[in-house]
Structure formats: C-alpha cells, structure tokens
Amino acid sequence: MRLEQLTVRLRARSAWEAVELGMALVRRHAAAIWKPWLLVTLPVFALLNAAAWALDLFWLAALLMWWLKPVFDRIPLYVVSRAVFGSVPGVRETLQAQRRWGWAPMPHYLSWRRFSPVRSLYLPVDLLEGVGGERMRQRRSVLGGMAYGNAALLTLVCLHFESALVLGCVVAVMMYLPVSYLPDSFQAAWALIGEQPAAWMKLAWNAFLWLATSIVEPFFVGAGFGLYLNRRTQIEAWDVEIAFRKLRARLAAAASPLLLLVLLAGPTNTVWAQERDVPPPSSSTTENSEENEPPIAPTLPQVFGEQRVDDQRFRKAADKAYQDPLLRGKRTQTTWERKDAKKEEEPKRSDLPEWLQGIIGFFALLGEWALWLVALVLVVVLLATMRYWLPWMRGGYKRRAARHADVETEALLVPELLPDNVPAAARRLWREGKPRHALALLYRASVESMSTRINAVLPPGATEAECLRASRRMPDADDRSAFARIVRVWQYAAYAQRLPAEEEFEALIAQLQQRYGWAA
C-alpha cells in the first residue's frame, strides 16, 4: 500500500464528509471517468435498444441497462482507486483493464446481491481487497458495520436524483415541443403516452434513463469509495502511519550527515593502535572464516535508507486488526443461568422507631380502605344511573341503517331538442318520480332562453359558473334573478341531493314561465 503517494489528506472524517470526499474525487477526474464510461455504455445502450426495437420490448432494454449497473460501476471505481494514489489512468488503460479486472465478484452482484442497498460500499471491498472466503465476509462486516446506514441512505438519495433527472427531461421536452405537435386534448395525450406510446417515445424514455444513470452513477460509486477509504483510515490508522513515515524520512535525511560527521571526527588514533596490536590473520584462517560465517547485511539502510514497507507483515497486522470483536456491529455473549433460580429478597430494615412505623402503617391501611370505598361508591353510582347511559352506549356501537336515497341515481337523459311545452314536460317528470330529470329539463331550457336573450352561443359543456357569468349580460334584473334561482336549485339537487318541495317546484316553474315566456 503506497500510502505516501496519496493525493488526499487522510484524517478521521464523518460519514457524510467521506461521501463528499468521494464526490470531489469524481469531479476532479471527470474526464478520465466519463470518457470510458460513454465508450462502454453507449454501444451497449444502442445494441440493447436496437434488439428491443426489433422485438418491440423496450422495457427489457431498460431493465437490462439497469441490471448491468454493477458491471459499469467498475469504470469509475478503477479510475478513482488509482487516481487517489497519484496515478490517473488514461482512457486506453481503463478500457483495457475492464476486460480482466473486477470480474470475479460480478456473478454475485448480478444475481442475489443486485438488490443490496450498500453496493457502493461493498464493491470497493470486493474489487480492491483481493481476498475471499471468510476473510472477505469479515472485511465486509467490519468495514460496513458503522457505515451501513449511510451507504443505504446514499443509495436512496441517488435513486431520487435519477428519478428527478428523468422527470426533468420529460418536462423539458413537453415545454419546448411545438404546440402543433401536441394532440388536441389532454385525454388524447394521456392515451398517447400511457396506453399507446409510439416506438420513438419508448426509445426516448430509455435514453432519458441512460442519461440520468450516466450522470448520477459515477458520483454514487465515488461516494461509496469515499466511505470505504474513511473506514479503512479509521480502523487501520492510515493517517498516523503516514505521519510516522514522514517523520522517518525526515530523520533519515538528517541522520546521514550527522553519522558521517561522527565517523570523521572520531578517535582515529585509537582505532589504528588497536589495528596495530592485533596480529594479522593468516590466509587460511581468513578463507575459513569467510566460508563459514554468512555475510552480515548492513542495518543502516533498514533503519533510514529504504522507504518500503513489508507488505506481508502489514497484511498480517491488518488481518489481526479486523479480528477485533470491538469493530464488529454485533457481538454474541453466552451466559449460564439456573432455570429455577429465585433470588429471595431480604426484608428491608428500617431505621425508624417502632411507634413511628405503627403510625405510618395505620395511615397506609386507612388510605387503602378509603380507595376501596371510593371504588364501591363509583360502582353503585354507575349501577343506579345505568338506565340513562346504557342505551346511549348501545346506540354508539350500532351500525346506522343505510338511508334510502331520496334522489334517483340513474343517468339523466335530457333530449337534445326541448319540448314545445317545457312546464308540462317538467311536471310530468316530477309526477313520474324523476325530480332530477325535471330540474335538469328546466335548467336546460333556462340556459337556452338566457343565451337567446343575450344573443350569444355558449361553448359545449359550459359549467354553471360560466352560465351565471354569461347571464349577467341580460338587461332585466328579474331575469337574472330567475336564472340564478334555477341554477341554485339545480346544483342542490345534482350535487347535494337536496330536492325542493312540490310547492317550491311549482313556484319555480311559474316564475320561469313568466320571465322567459314559455308556452302554457
């Protein structure tokens, strides 16, 4: 692990700061991410939609593009995992790496693990750790324990962003589409979109989905990588290790001149005297010693010279750290208890004198009997007043009988041409038990008479409010009052199921016949 080559400042961050760190890495290396992303996903999108066009199964193309997201996620993960150590891969290198890198865990991510809410956090663990089996499960448990909720919420947020982008594209097309291309009514538009969408509309919908995924998915992967990087920093103390490595580099740079100065300024005469006193070894002795004794490796480069780290020792230390039960989100603890163990509570001893305890006991007994007396009085009162509240209680739980509608609910069949004698026809409908039909006929005839008085043609399906506004153009106030009355009576009958009395109905017919000159 080349920690000294990291291009980010490692420190213990919160989960959402780590998410922002991952997104900042994606923004910094946007060109290195989106160029291979488009070169890979765009041909796959075109191929799947061409096959879907031939089979008329555009929904299958959209489903397959969504299902292959873990395969596409390897592209931004490959770029940011290299770029964070100062080695930004090129487009050619990224595309060549996709043919062999990261395929081992893909069968899991394309099957039962496809619906995992923490794919962004577990994908770096599976693709970058290089371990498997029990060690892999242990790494996921430790790394994802504290950040599981944040990763799941990140998935939900990115899903909402994709949905917002898709809906925004649809609304933008509807806003800037010329009016001549739109159907005449919203009902026809809904039938065109929801019931009988054209092939180009299905293809446009798939294109919007692909565009939203292409914008959001690299940020989703980068945020998960930021969470992964932060968890390893918290567990393995990468920031502390980097600080020690920098300290060792500074000590090595300062210790070499100091050691050379000590050797030059040391007691050279004593060394020479010792060398003169020691007899020179014979040639045979020298040869035997050289053959038997192994050469002594210099220790100075091991302490100050090389800046390498023993990967094997580092991996063993990291595995030992991951086995710490305190880092796991769950812990199992087993204890033995007897089934019939009953702890006898020792009687509490009171330091109060006996006479005071007797007074307290007397008042306690008095209070207990007082409560029982109050409960007895309440029961007696309830029994004595039962004839008042029991019927009310019973009526509260009874289901109210369904009232028969006083107004018929069958469809109104008003003739297109009004009869010659509108009042007689309305009275006949009233006698036949069809009051709503009678009021509908009066309302229809009043609208015709009002439009004739003002010399205007009302649009088909005009509402009561539109008819009232048009009736204000009648010069006579009594005519306006009569029309407002029939509108009000008709609305009560049609929407509130409140029918007028027979006398009110006759008075209404008489007033309308007088004002609008209907035949008697």
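S214 sits in helix α12, which covers residues 199-236. Is S214 buried or exposed? With a relative accessible area of 4%, S214 is under the 20% cut-off, so it counts as buried. If you set aside the neighbours within four places in sequence, S214 is in contact with W34 and W37.

Before going further, keep in mind that this is a predicted model. The mean pLDDT of the chain is 76, and 68% of the residues reach 70 or more.

**The chain as a whole**

Of the 520 residues in the chain, 31% are buried. The accessible surface comes to about 36000 Å², and carbon and sulfur atoms account for 61% of that. Now take the contacts between residues at least 6 apart in sequence: 75% of them join residues at least 24 apart.

V84 gives one example of residues that are apart in sequence. You'll find V84 in the loop between α5 and α6, the latter being residues 91-97. V84 and L25 are 59 residues apart in sequence, while their C-alpha atoms are 7.7 Å apart in space. V84 has a relative accessible area of 0%, so it is buried.

**Charged pairs**

Side chains of opposite charge can pair when their charged atoms come close. In this chain the count comes to 13 salt bridges. Here are three of them, with the N to O distances.

| Salt bridge | N to O distance |
|---|---|
| R119 and D73 | 3.1 Å |
| E217 and R119 | 2.9 Å |
| R444 and E448 | 3.9 Å |

Start with R119 and D73, whose side chains meet in a salt bridge. This pair links distant parts of the chain, 46 residues apart: R119 belongs to helix α8 (residues 119-128), and D73 to the loop between α4 (69-72) and α5 (74-83). D73 has 1% relative accessibility, so it counts as buried. R119 is at 7%, so it counts as buried too.

R119 also meets E217 in a salt bridge. Here again the pair links distant parts of the chain, with E217 in helix α12 and R119 in helix α8, 98 residues apart. Both E217 and R119 are buried.

The pair R444 and E448 sits within one helix: the two residues are 4 apart in α21, and so are separated by about one helical turn. R444 is partly exposed, with a relative accessible area of 25%. E448 is partly exposed as well, at 37%. Turning back to R119, salt bridges that share partners join K69, D73, R119, E162 and E217 into one network.

**The buried side of α22**

Which residues of helix α22 (residues 464-471) are buried? They are E464, C467, A470 and S471. These four cover an arc of only 125° around the axis, so they lie on the same side of α22. An α-helix has 3.6 residues a turn, so residues three or four places apart point the same way. As for what covers the buried residues of α22, the list includes α21 (435-454) and α23 (477-495). Helix α21 is also where R444 and E448 are found.

**A nonpolar patch on the surface**

Last stop is the outside of the model. V379, L382, L383, M386, W389, W392 and M393 form a nonpolar patch on the surface, and together they have about 710 Å² of accessible area. The elements that give two or more residues to this patch are α18 (354-384) and α19 (386-397). Which element gives the largest share? That is α19, with 4 residues.

M393 is one of the patch residues, and its place is in helix α19. Its relative accessibility is 33%, so M393 counts as partly exposed.

Terms used:
Residues are numbered from 1 along each chain as its sequence is written. This is a predicted model: local features need pLDDT of at least 70, side-chain atom pairs count only at pLDDT 80 or more; totals for chains, interfaces and linings use all residues. Side-chain values use heavy atoms; hydrogens and water are left out. Buried means under 20% relative accessible area, exposed over 50%, partly exposed in between (1.4 Å probe, protein chains only). Contact means heavy atoms within 4.5 Å. Accessible areas come from the Shrake-Rupley method with a 1.4 Å probe; for residues, only the protein chains shown count as cover. Patches are made of residues with over 30% relative accessible area and no salt bridge: like charges are joined within 9 Å, nonpolar side chains (Val, Leu, Ile, Met, Phe, Trp, Tyr) within 5 Å. A salt bridge is a side-chain nitrogen of Lys or Arg within 4 Å of a carboxyl oxygen of Asp or Glu. The arc is that of the directions from the helix axis to the C-beta atoms. pLDDT is the predictor's confidence in each residue, from 0 to 100.
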